Amino acid sequence: MSFDFFSTPSSHEMEAAAQYAAHAADLSFQIPDISAHRQLRSIQSAAVIGAGTMGGGIAMSLANIGIAVHLIDADKASLDRGMSKIQDNYAVSVKRGKLTLQQLQDRMALISPILDWQEANGADLFIEAVFEDLQLKKDLFIKLDAFAKQGAILATNTSGLDVNAIGAVTKRPHDVVGAHFFSPAHVMRLLEVVRSDATSPDVIATLMDLGRRMGKTAVLSKVYPGFIGNAMFRHYTREAHFLIEDGALPHEVDEVLTRFGYAMGVLAVQDMAGNDVGYQTKKAMIGNRATDRRWSDLTLTLTDMGRRGQKDGKGWYRYANGDRKPQRDPEFESWIVGESARLGRERKHFTPEEILKRCLYGMVNEGARLLEAGIALRASDIDTVCLTGYGFPKERGGPLYLADKIGLKNVLADIERFHADMGFWWTPAPLLKQLAQEGKSFVQWDAEHAFSLKN
């Protein structure tokens, strides 16, 4: 009997998914060698480096819980823009009745814009929120290492760079940690805390506790390209792009995803965020990519075409002036057909179920790899990341929870079929094969490894 992906979950199913999600979020704070670690570092003051959207949101998150923050940037104009945006964000909360005018003033008073880093040398916590470039971050941490007081936590807000490499440029890698906030940081609930090979247990414990105080769900990840969330997400987006090259049109992919329960389809999300996100990094990687697998450069091509998304009025879709609603673009759809021919790909029709499986099952397979490698502690942690940071439909419980409902043998059968047809990216994860062969689930895997939570 096939699984019905598009039926509305019953009230019982939705309640079960909600209970699972709540329990999973609670579990994410329980870490074998950390949960019993009661000694936290005192965080009375902090410094955020970078006054852009991300840095401003992080500064607000700290001020919201009464922590004094130095907001640092390279020039006064950037600082002024950052502070103005923070003021505007708080003003919106006042207008909506979520803050009083006095609370706005109190929180603004906690955020001090500065140009001279030395003014912040006594901070207990530093969080950098600069451009996603490894060398830039290394240079910044060399500077931080030279003037931050001993015992200060040095956190990088990278969304996927090597925290080991960043910590290695300092003389105190045990104080270095990843703190991946999601934008807008003062709103989004997820915080990925990234543990390097050297990060001290008390640093992890302090960051996890800080996340809880901020009202966020903190999930621990080890160092891995993209950590947990972006590692899962890139399989989702990659398959969507391959589907476009193979025969689907943007609206067909997105309609399937919204029918399944996503608030927005992945291509509409990319238009909103900007198809040029990570453009230079992706461009630089082309020459060094492995040749044993397929790649898609559609977002690079869209950027080169001036189709960066909503800000250009066109991307995967077109947008009327002042309207963010995606509209089909016949001219672009015609270009897609020609691009498939240029790539030598024969366009074919896909059923909604096939589109959904290709978008979702790559995430399930990657989730099994993250578990097996110890990047994530639990399947429920992976689901928590997808639910709180990436818009996975709450009523579905998360990709691994959903895979359990479908049956891992059924999921594996499709992945093996995709592997036979499409190669490398669909190589079945060994843990997924093991669980399917043993007739087990991800929930059972978590239960069998729960002994570590007793420490």
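Start by selecting helix H16 and colouring Pro399, Leu400, Tyr401, Leu402, Ala403, Asp404 and Ile406, which are buried. Buried means under 20% relative accessible area, exposed means over 50%, and partly exposed is in between, with a 1.4 Å probe and protein chains only. Helices (H or I, at least four residues) and strands (E, at least two) are DSSP runs, numbered from the N terminus. H16 covers residues 399-406, and it is largely enclosed by the rest of the structure because 7 of its 8 residues are buried. Just after H16, select Gly407, which takes a positive phi of about 105°.

Before going on, note that this is a predicted model, in which local features need pLDDT of at least 70 and side-chain atom pairs count only at pLDDT 80 or more, while totals for chains, interfaces and linings use all residues. Residues are numbered from 1 along each chain as its sequence is written, and side-chain values use heavy atoms, with hydrogens and water left out.

**The cores**

Next select Leu360. Leaving aside neighbours within four places in sequence, Leu360 is in contact (heavy atoms within 4.5 Å) with Phe260, Tyr262, Phe392 and Leu402. A nonpolar core is a set of buried Ala, Val, Leu, Ile, Met, Phe, Trp, Tyr and Cys residues joined through side-chain atoms within 4.5 Å. The largest one here has 65 residues, and those with the most contacts inside it are Val253, Leu360, Tyr361, Phe392 and Phe442. Helix H14 gives the most to this core, with 10 residues. Another core lies apart from it and has 44 residues, among them Ile34, Leu71, Leu79 and Ile153.

Now show H14 (residues 352-372) together with H18 (residues 430-437). How do their axes cross? They come within 7 Å and cross at roughly 100°. Axes are lines fitted to C-alpha atoms, for helices over the stretch in contact, and angles run from 0 to 180 degrees between N-to-C directions. H14 is therefore roughly perpendicular to H18; angles under 35 degrees count as roughly parallel, over 145 as roughly antiparallel, 65 to 115 as roughly perpendicular and the rest as oblique. To see the contact, select Asn365, Ala368, Arg369, Leu371 and Glu372 of H14 with Pro430, Leu431 and Leu432 of H18.

**Ile114**

Ile114 is in strand S3 (residues 111-114). With a relative accessible area of 5%, Ile114 is buried. Beyond four places in sequence, its contacts are His70, Leu71, Ile72, Asp73, Leu79, Glu119 and Ala120.

**Two loops**

Select Thr158, in the loop between strand S5 (153-156) and helix H6 (163-168). Is Thr158 buried or exposed? Thr158 is buried, at 0% relative accessible area. Its side chain makes a polar contact of 2.6 Å with that of Glu132. A polar contact is a pair of N or O atoms within 3.5 Å; within protein, one must be able to donate a hydrogen and the other to accept it, and residues adjacent in sequence count only if both atoms are side-chain atoms. A polar atom of the Thr158 side chain also lies 2.7 Å from the backbone nitrogen of Leu161.

Finish at Ser196, in the loop between strand S7 (190-195) and helix H7 (201-213). The side chain of Ser196 has a polar contact of 2.8 Å with the side chain of Thr199, and reaches the backbone nitrogen of Ala198 at 3.1 Å.
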